[in-house]
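Thanks for making time. I will go through one structure, starting with the terms and then moving from the whole chain to single residues.

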Amino acid sequence: MFSKFTSILQHAVEALAPSLPLQEDFVYHWKAITHYYIETSDDKAPVTDTNIPSHLEQMLDILIQEERERESGETGPCMEYLLHHKILETLYTLSKADCPPGMKQQVLSFYTKLLGRIRQPLLPHINVHRPVQKLVRLCGEVLAAPTENEEIQFLCTVCAKLKQDPYLVNFFLENKIKGLEGTNNIGGDRLKDDPSAPDTGQNHIQNPSLVTSTTGQPTSSGEASLCSSVHVTRPKNDNYNLVGSLLNLTKSPDGRIVVKACEGLMLIVSLPEPAAAKCLTENTELSHLLTDRLAQFYQALPQSMDPLDIETVESVNWGLDVYNLKEDAAAFAGKRALISFLSWLDYCDQLIKEAQKTAAVVLARAVREHFFVAVMEPQLMQTSEVGILTSTALLNRIIKQVTSDALLQETVYFLLGEETGPETLAGITQHPLRHRLIEHCDHLSDEISIMTLRLFEHLLQKPCQHILQNLVLRCLEERNYSENKPPEEREEREHMENGLPHDAVDLEEDPLFSDLSPDHRLSSPDWSSCSPPRSTEHTKPDGKTEVHKIVNSFLCLVPDEAKSSYQVEGTGYDTYLRDAHRQFRDYCGICLKWEWCSSPKPFEKCNLDSPFFEGHFLKVLFDRMGRILDQPYDVNLQVTSVLSKLSLLPHAHLHEYLLDPYINLAPGCRSLFAVIVRVVGDLMLRTHRIPDFTPKLLLVRKRLLGLEPEGMSVDHVTLLEGVIVLEEFCKELAAIAFVKFHSSVSTSP
């Protein structure tokens with residue numbers, strides 16, 4: 001009580017007394033603080049019962065006023081006094097001893113305000129950055145300490161200052177080898193002899209009146225205590241205490257402190273200094289924090305979750321997720337754990353996105369090795385269908401959420417491997433996870449198949465060239481799916497066998513149709529006429545097939561008796577043109593930086609003699625496409641969606657292989673068009689078995705569109721739904737071919 005009365009009385013005296021010059025006033029307040037320690041006998045009284053906080057506040061106000069009254073960049077006598085008498089060093093010592101109790105809190109607040117409010121650069125001064133360095137070490141030592149709030153404010157202020165002047169971070173890379181500290185103080189000549197010695201505020205300055213800054217310009221005499229240079233070659237054992245303190249505070253039970261610490265780390269990793277980036281990745285626990293917490297949140301998820309819940313849970317930016325346990329529990333079990341995992345994943349992604357380039361690569365690789373491989377891969381490789389479905393849905397959500405280039409690249413390497421050379425049938429198991437995921441596209445469980453196909457669909461839309469190269473393009477580089485024969489040689493081969501061209505499918509010899517009776521066989525090979533003849537008449541001088549012939553080839557693939565869209569309004573081919581144009585434009589924007597050739601590689605430069613393998617991915621997609629009449633509707637939608645995404649890609653070989661019906665396929669090779677021709681042949685045989693085929697087909701279409709209520713069950717509904725998907729897919733391919741052709745015409749010189 002008496003101390004408070006004294007403080008009030010002192011303020012009254014100061015208000016009535018004539019104002020002193022700023023420097024005298026500043027010295028008065030500082031000596032008042034030092035006299036307290038000389039005169040007091042009770043060192044257990046809290047600092048709030050003393051005048052120390054008031055004196056510190058007055059000193060800060062004086063420094064701010066002095067700077068405001070002087071020209072920009074000029075150091076005043078009060079600031080000179082603070083630097084010359086090492087006031088910050090003394091305050092650090094008092095805060096370390098926390099004498100009187102609460103002094104650490106007051107000093108942290110003083111440092112924070114001083115660095116934040118003074119406009120002139122203070123950190124380059126040796127008598128500023130050295131005590132700041134030491135104070136940084138005190139932060140985060142004790143979890144849930146009463147000074148946590150002041151500690152994080154101070155650390156974030158330091159981080160913000162380093163963000164403004166990144167070269168200053170070199171002051172905060174401290175050498176762990178204590179022996180070097182002593183050798184640096186042997187003498188002034190030692191600094192000249194050893195230019196690689198770290199400058200952490202422990203080197204003697206030869207000429208205090210003139211020192212060279214990092215820009216090579218001499219500094220003013222007011223900056224006499226600036227250290228000689230910050231761009232120095234450092235030993236490998238640098239200690240990054242600033243990062244260490246922030247990492248400790250990320251373990252705080254106070255969520256607000258954790259978020260502020262994460263923000264500080266975000267600022268630190270973005271600094272462009274190579275030495276700091278190297279120290280960050282080699283001498284701190286940052287990568288362990290990211291991966292350990294990812295693994296912790298992932299392992300806290302329920303073993304079984306509804307994929308729809310995983311896919312539709314609201315996206316949460318890190319630091320902004322709000323706890324509402326009642327609502328979360330009422331929504332679905334595990335929602336809170338899922339949001340926590342996705343929130344931390346978002347932080348990892350954003351941190352790596354902001355990080356200095358080399359640091360980003362190292363951090364992303366750590367996530368791959370210590371989270372994806374160690375934690376997620378066993379879940380994806382398990383045999384339990386429930387576990388496979390949940391882990392695949394989570395992986396799908398991860399892929400959708402990742403935006404940083406480095407993390408996306410490592411995620412793709414984890415899933416697909418790093419191979420870019422031609423794929424062989426014997427080598428499809430070379431990367432077990434890739435093989436397993438592609439096999440899951442054709443799983444016995446339709447749910448697993450749909451979820452895995454959706455995963456690949458999202459992968460194909462990511463801006464990563466390796467995805468496309470690894471899955472499809474490496475198999476098409478040599479164009480050995482195509483046959484480059486002279487016209488006369490080709491005509492000799494195209495002799496008629498059983499009334500069909502040599503490359504047409506002979507259903508009588510195909511085991512798939514060997515059980516059909518003669519009555520059920522087609523009396524004529526009309527279905528195969530949908531496949532256009534292999535002729536050069538349809539090719540323009542530039543080698544591109546005329547677009548209207550390609551469009552008509554796809555539109556006419558499905559026979560009229562198997563079409564139903566013309567009987568329902570708003571389902572014509574033109575409805576796909578707008579979507580195809582938008583999606584193709586988006587893909588072109590993504591692929592532009594990859595500099596793909598607009599025309600196929602000349603046959604003269606291709607190795608056509610090498611055996612063609614379409615690749616494991618396309619093989620599974622073509623196999624599923626070939627069974628479109630026998631698969632559930634949702635599976636068919638997903639298969640055709642993935643194939644349409646591939647067809648949209650502006651790559652000359654992929655376009656030729658998927659969208660050119662007139663391509664001369666090499667013996668034993670199949671294209672997307674050839675697979676659809678085969679499906680149409682199967683369809684024409686089977687429609688003869690279904691009475692009232694056309695009315696039933698129309699009814700199923702209307703039910704799918706919601707135009708007819710669900711009523712009596714319709715037999716052969718899977719086949720009928722497959723026919724509808726097939727018709728729509730052919731229209732979509734025709735629209736894509738049309739849009740891509742006109743885009744190439746408009747951009748060609």
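This is a predicted model: local features need pLDDT of at least 70, side-chain atom pairs count only at pLDDT 80 or more; totals for chains, interfaces and linings use all residues.

First, a definition: a residue is called buried when its relative accessible area is under 20%, exposed when it is over 50%, and partly exposed in between, with a 1.4 Å probe and protein chains only.

Residues are numbered from 1 along each chain as its sequence is written, and side-chain values use heavy atoms, with hydrogens and water left out.

Now the overall picture. The protein has 749 residues, and buried ones make up 51% of them. It contains 32 helices and 2 strands; these are DSSP runs numbered from the N terminus, H or I of at least four residues for helices and E of at least two for strands. A contact here is heavy atoms within 4.5 Å. Among contacts with a separation of 6 or more, 76% are between residues 24 or more positions apart.

Next, the interior. A nonpolar core is a set of buried Ala, Val, Leu, Ile, Met, Phe, Trp, Tyr and Cys residues joined through side-chain atoms within 4.5 Å. The largest such core has 209 residues, and Leu91, Phe154, Tyr240 and Phe371 touch the most other members. Helix α32 (residues 717-747) gives this core its largest share, 15 residues. Setting aside neighbours within four places in sequence, the contacts of Phe154 include Leu108, Tyr111, Val132 and Cys139.

Helix α12 covers residues 255-269, and its end C-alpha atoms are 21 Å apart, in agreement with the 21 Å its 15 residues should span at 1.5 Å a residue. That expected span is 1.5 Å times one less than the number of residues. Buried residues of α12 include Ile257, Cys262 and Met266. At the start of α12, a side-chain oxygen of Asp254 comes to within 3.0 Å of the backbone nitrogen of Arg256.

Last, charges. Side chains of opposite charge can pair when their charged atoms come close. A salt bridge is a side-chain nitrogen of Lys or Arg within 4 Å of a carboxyl oxygen of Asp or Glu. How many salt bridges does a search of the whole structure find? The search finds 30.

One of them joins Asp560 and Lys563, at 3.8 Å from N to O. Asp560 is exposed, at 58% relative accessible area, while Lys563 is buried, at 17%.

Another pairs Lys619 with Asp623, with the closest N and O atoms 3.1 Å apart. Both sit in helix α27 (residues 616-626), 4 residues apart, about one turn of the helix. Lys619 is partly exposed at 30%, and Asp623 is partly exposed at 22%.

Arg686 and Asp630 also meet in a salt bridge, at 2.7 Å from N to O. This pair links distant parts of the chain, 56 residues apart: Arg686 is in helix α30 (residues 672-687), and Asp630 is in the loop between α27 and α28 (633-648). Arg686 is buried at 16%, whereas Asp630 is partly exposed at 47%. Elsewhere, salt bridges with shared partners join Arg365, Arg368, Glu410 and Glu418 into one network.

Key: A polar contact is a pair of N or O atoms within 3.5 Å; within protein, one must be able to donate a hydrogen and the other to accept it, and residues adjacent in sequence count only if both atoms are side-chain atoms.
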